[in-house]
Amino acid sequence: MKCNRLYPSLASRLGSVWYRHFRTYTKDIVSNGFPPFMEPLIFLAGMGLGMARYVPNFVGMSYLQFLATGLVMTSAMFTASFECTFGTFIRLEFDKIYDGMLAAPLSVANVVVGEAIWAGTKGAFFSFAVLVIISAFGIVNFFTALLTPIVGFLTGLLFAAIALLMTSFVKNINHFNFYFTGLLSPMFMFCGTIFPITNLPKSLQIVAELLPLTHPVRLGRVVVMASGWKYSLLLDLFYMVCVTSIVLFLAVRRLEHRMVK
Amino acid sequence: MPKNAIEVDHLFKTYADGTTAVDDVSFRIPEGTCFGFLGPNGAGKTTLMKMLFGMVRRDCRKETHVSVFGFDPARNELAIKHLSGVVPQDDNLDAEMNVSANLLIYSKFYGLPSKETRLRIAELLDFMELKEKSESKVNDLSGGMKRRLVIARALLNKPRLLILDEPTTGLDPQVRQVIWDKARSLKKEGVTILLTTHYMEEAYQIADSIIIMDKGKRVIEGSPRELLSKGIESWVLEVLDPETMGASGETFSEGCLSPGVRREDGNSRSQFFSDHPETLRELASRLPSGATHVRPTNLEDLFLRATGRQLNEMQ
């Protein structure tokens, strides 16, 4: 990137925002690193020991494999969603972190996009953590699944963008409950994580195709299994890139009005 | 003639809810001087400052012209912020990080290289007398230390303009003296300082020039000393309990006073202003001793006179 004499380059500005979040997150690496590894462990132990043995093989893999490969991307979704709803809201309204940042040579767009990139990074890290656990259990092959964090990153970015747009509307922190219970929980159930969406009635399948989680789960499952490649996955990728760009653009616009009066 | 760091002509700001925070304010700030904005809460001081670095959007008007080191904040806020350091009214430090990490993280926003930064941080902690606290958590710092840390943070990039928004509100007298002392030494190094405050004392200590604002408008402008000599009589007699004037209260009414004496009542006290202390002492001698007090006027009297005695709804 070209060196700008008037103020730091765009890459440097986005990087500095990322660095702020990185330092704050890694300061408590033990307590912050605990959930991404433990959550999938608990879930798989329960499902693997209990549930999975009653479910016969389907769609070319064991039920445990199906669940495990779905979990990789929902984990990225949840971490990015928490980061950019409660996390962003607290920084915005209670800690006034952005007021401090905006006094430095950063624009609102730099701060918001830098934050989304950080949430994407957390998505990559969380999906990687799930991969480590499920490959340690021999459910998938670690070495053929090494592209997983990239899809985790894009998934984190997608849900960061949506969460930031939500945050731009929210005046009371408890209103995030509507988002988590009203959108994220149903998506976790009905977007192909727990069972294939082809089991849904036709009309609901269309709804599922419109929801954002369906696409990273479908793409992620193929990438983690390193099999089942098909061209239609490009459509999932296209959906993710388009929705991320449009929603992030709107989030920046709305947060600009919130941060700069 | 010295170059102006800041030039502002006909600046207006009306918020979305319809309140006019800044109403046609113009001023020039020569480089290397300290310029103070005084006014009660809600006078528009903070809004005005925030418009200079793009944290508040100004009203779009043809006659408005704003230049900070030749840059217009509406178009080039980043260039302005790169040349400035801002000490906001509230300490918005990263409470989760320790003192030196706060400075290190903030230095990245300016794109400062790590090696240079470590030296700069050590230098600033020394300058702001926080050396022993470099590994302390922000939450363990006293109010005065937090304030000094915010000032150190604003100096990381060696700014040419330092914006201080009520830098010493709520701090004890010793810390205030330290902060004023630092401000003066920065000014000597050629840093332009923009200050908002409602302490007259503070403006008198560090500002070369002040504007008193009220309800978004400029009320008066000048150097603190000049304003005192021109804006208000030199002496005041204060009667803290007007009841003591008792039956003779009549003789103290405006019409009966000697020429050049002005009476003002408010906040359950009466004040008599005059350029001649003898006149006031003579007046005082007619009242019970101990009930009166004759002293030179200060900026506070001027401020109260300029902005009116009634509290406005924002205070």
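The model is predicted, and local features are given only at pLDDT of at least 70, side-chain atom pairs only at pLDDT 80 or more, while totals for chains, interfaces and linings use all residues. Residues are numbered from 1 along each chain as its sequence is written, with chains lettered from A and ligands numbered from 1 in the order in which they are written.

**Chain B overall**

Select chain B. Its C-alpha atoms fill a box of roughly 75 × 50 × 40 Å along the principal axes. The chain has ten helices and 13 strands; these are DSSP runs numbered from the N terminus, helices being H or I with at least four residues and strands E with at least two. Of its 315 residues, 41% count as buried. Here a buried residue has 20 or more other C-beta atoms within 10 Å of its own, an exposed one 12 or fewer, and a partly exposed one a number in between, with C-beta atoms placed from the backbone.

Next, colour residues 4-224 of chain B as domain 1 and residues 233-296 as domain 2, bounds that come from an automatic or database domain assignment. The centres of these two domains of chain B, taken over C-alpha atoms, are 40 Å apart.

**Helix α4 of chain B**

Select residues 114-127 of chain B, helix α4. This helix has 14 residues and reaches 20 Å from its first C-alpha to its last, close to the 20 Å expected at 1.5 Å a residue; the expected span is 1.5 Å times one less than the number of residues. Show the side chains of B:Ile121, B:Leu124 and B:Leu125, the buried residues of α4(B). They lie on the same side of α4(B) because they cover an arc of only 95 degrees around the axis, the arc being that of the directions from the helix axis to the C-beta atoms. Their packing partners are α3 (99-109) and α5 (143-154) of chain B.

Turn to the face of α4(B) directed away from its buried side, where the exposed residues are B:Lys115, B:Glu116, B:Leu119, B:Glu123 and B:Asp126. After the helix comes B:Glu129, which has a positive phi, near 55 degrees.

**B:Met145**

Move to B:Met145 in helix α5 of chain B. B:Met145 is partly exposed, with 19 other C-beta atoms within 10 Å. Leaving aside neighbours within four places in sequence, B:Met145 is in contact with B:Leu130 and B:Lys133, a contact being a pair of C-beta atoms, placed from the backbone, within 7 Å. B:Leu130 is 15 residues away along the chain, and its C-alpha atom is separated from that of B:Met145 by 7.3 Å.

**The nonpolar cores**

Now include chain A and select A:Ala116, A:Ala160, A:Ala161 and A:Leu164, which touch the most other members of the largest nonpolar core, a set of 143 residues. Such a core consists of buried Ala, Val, Leu, Ile, Met, Phe, Trp, Tyr and Cys residues joined through C-beta atoms within 7 Å. Helix α5 (residues 108-136) of chain A supplies the largest share of this core, 16 residues. Apart from this core lies another, of eight residues, including B:Val236, B:Leu237, B:Phe272 and B:Leu280.

Finish at A:Leu164: beyond its neighbours within four places in sequence, A:Leu164 is in contact with A:Cys84, A:Thr88, A:Val112, A:Ala116, A:Ala251 and A:Leu255.

Terms used:
Two residues are in contact if their C-beta atoms, placed from the backbone, lie within 7 Å.
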